[in-house]
Amino acid sequence: MEMSEKIVELISSEHMIKGMTSYDCDVCTKSFFQESNLIMHKYIHRREKRYPCDICGKSFYRSSHVTTHKRTHTGEKPFHCDVCGKSFSENTALIKHIRIHTGEKPYHCDICGKSFSQSVHLTGHKRIHTGEKPYHCDICGKSFSHNNVLTKHKRIHTGEKPYHCEVCGKSFSESSKLTKHKRIHTGEKPYHCDICGKSFSVSSTLTGHKSVHTGEKPYHCDICDRSFSQNTNLIRHKHLHTGERPYQCDICGKSFSHNSYLTTHEHIHTGEKPYHCDICGKSFSKTNSLNRHKSVHTGEKLYHCDICGKLFSQNSSLMKHKYIHTGEKPYQCDICGKSFTHNSYLTIHERIHSGEKPYQCDICSKSFSESGALNRHKFIHAGEKPYHCDICGKSFSRNSNLTKHKYIHTGEKAWHCDICGKSFSHNSILTIHKRSHTGEKPYHCDICGKSFSENGTLTRHKSIHTAEKPYHCDICGKSFSQNNSLTKHKYIHTGEKPYRCDICGKSFSQSSHLSRHKHTHTGQSISL
């Protein structure tokens with residue numbers, strides 16, 4: 001039999017059923033073509049699940065459901081598509097799949113005219129019009145429009161993860177998540193953009209990518225009118241308004257508004273970095289971190305700011321950048337009211353209040369509130385200083401320190417205080433300076449309760465309680481509680497004087513000495 005004839009036979013045999021006598025359920029009015037199916041269906045109303053799985057103990061309304069379920073454990077997929085070769089654990093899944101090849105969509109919405117390849121998709125779609133959510137979680141009471149969504153939701157409460165990766169052993173609560181995960185190992189990217197040719201491992205990522213070309217944002221928040229290119233982004237955004245965080249880490253108890261945030265957070269505990277750069281081999285805990293890293297190799301910058309023309313390699317970076325022009329800060333701390341341009345900045349800020357430091361150094365056990373701070377700290381142990389000044393040759397362990405250092409040579413002070421007009425060479429210094437006007441002291445010592453305007457000052461203060469001095473001079477062995485104190489100390493050995501007076505040319509080993517010296521030119525008195 002020809003391939004096309006087999007497809008027609010499968011679908012037409014399904015259509016023949018439509019002309020048969022129906023058996024109606026007197027509870028919910030659902031109809032069936034066989035009386036036995038009606039009898040089985042009534043077990044749903046009686047909540048009887050008479051058929052248990054002898055592997056995991058899960059129970060089902062029908063014995064056929066147990067047979068299908070067992071294939072989750074065995075991996076058996078006896079039904080094969082003769083067009084593309086894909087295999088399925090159920091015959092109904094094969095029939096639905098074949099419609100991808102034929103393009104058939106026999107189920108039509110009588111309200112908006114939209115067509116679907118599966119009746120369940122039509123039923124679910126109609127609930128958009130009616131607002132019906134007939135499936136209720138008996139643990140938290142939340143309601144859903146689809147039974148399979150309720151089943152997935154319940155796994156949040158039970159922690160059940162029945163789908164296992166046979167490559168690395170990782171488990172998942174949904175088969176679709178396992179399928180996506182496997183592409184990390186295989187490198188498969190089956191979804192291709194027909195505009196620029198870029199490939200993706202997930203169809204939703206392709207959909208989101210296409211909005212880069214079209215600019216389309218069809219998903220609108222009915223609370224603040226903000227629009228999104230993907231429905232998942234809208235759902236995440238709405239959690240900002242509701243405060244809902246249904247996904248909880250079973251290791252530390254922290255809660256998250258989205259499952260993907262929980263998955264990323266869990267990598268902190270496991271140390272897992274499943275995303276690998278195929279160019280240099282570097283590994284990452286987040287797929288967007290890998291994508292950002294790859295732009296280092298490619299130099300590709302697809303995203304353009306339509307206000308100032310600046311280019312970005314990531315759409316998220318463009319979105320953050322645009323807040324500079326709009327001044328928008330949509331993420332607000334519910335403890336102190338401070339607002340931020342990005343959710344990640346809010347998360348880091350909230351750790352000031354909670355004292356949480358989830359990132360721990362595996363060498364000295366010191367803990368940090370940010371992963372970047374941990375990475376920078378590790379340079380102390382390694383002695384690595386990969387950032388070099390191209391003017392004087394000085395090396396730094398952080399790129400931000402190099403940037404600050406270069407202002408010594410250029411004298412640039414681009415950040416201005418709008419209260420007193422004073423200028424600064426770095427934005428973070430301006431932020432700290434402004435606290436002298438507002439009196440804000442957001443950093444609190446959890447030992448004595450004293451408050452500080454700078455995190456560094458708090459850290460230095462804590463050394464009074466702990467007497468910790470982790471920074472050692474490799475020349476004379478003297479120890480210091482702060483890295484900057486060690487840096488200043490080393491000038492004694494090297495004779496280096498990097499701070500130069502722009503009036504008389506005299507040089508100093510410390511910036512404070514230069515500041516005091518400048519008063520000799522201005523005649524301003526120095527308060528001691």
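A residue counts as buried when its relative accessible area is under 20%. Arg 226 has a relative accessible area of 18%, so Arg 226 is buried in this predicted model.

Where does Arg 226 lie? Arg 226 sits in the loop between strand S15 (219-220) and strand S16 (227-228). Its contacts beyond four places in sequence include Tyr 219, His 220 and Cys 221. Arg 226 also touches His 237, Met 319 and Tyr 323. Pro 330 and Tyr 331 complete the list.

Now turn to Lys 126. Lys 126 belongs to helix H5, which spans residues 119-130. Is Lys 126 buried or partly exposed? Lys 126 is partly exposed, because its relative accessible area of 29% falls between the cut-offs of 20% and 50%. Leaving out residues up to four places away in sequence, Lys 126 touches Cys 109 and Asp 110. Cys 109 is 17 residues from Lys 126 along the chain. Their C-alpha atoms are 7.1 Å apart.

The cysteines come next. A disulfide is a covalent bond that joins the sulfur atoms of two cysteines. How many disulfides does the structure hold? The count is zero. Take Cys 252. Its closest cysteine sulfur belongs to Cys 249, at 3.8 Å. A disulfide needs the sulfur atoms within 2.5 Å, so this pair is too far for a bond. Cys 501 gives another case. The closest cysteine sulfur to that of Cys 501 is in Cys 504, at 3.8 Å, so this pair is also too far for a bond.

Cys 252 is partly exposed, with a relative accessible area of 40%. Cys 501 is buried, with a relative accessible area of 2%.

Methods: Residues numbered from 1 in each chain as written. Predicted model: local features only at pLDDT ≥ 70, side-chain atom pairs only at ≥ 80, totals over all residues. Heavy atoms only, no water. Helix = DSSP H or I, 4+ residues; strand = E, 2+ residues; numbered from the N terminus. Buried < 20%, exposed > 50% of the residue type's maximum accessible area, 1.4 Å probe, protein only. Contact = heavy atoms within 4.5 Å.
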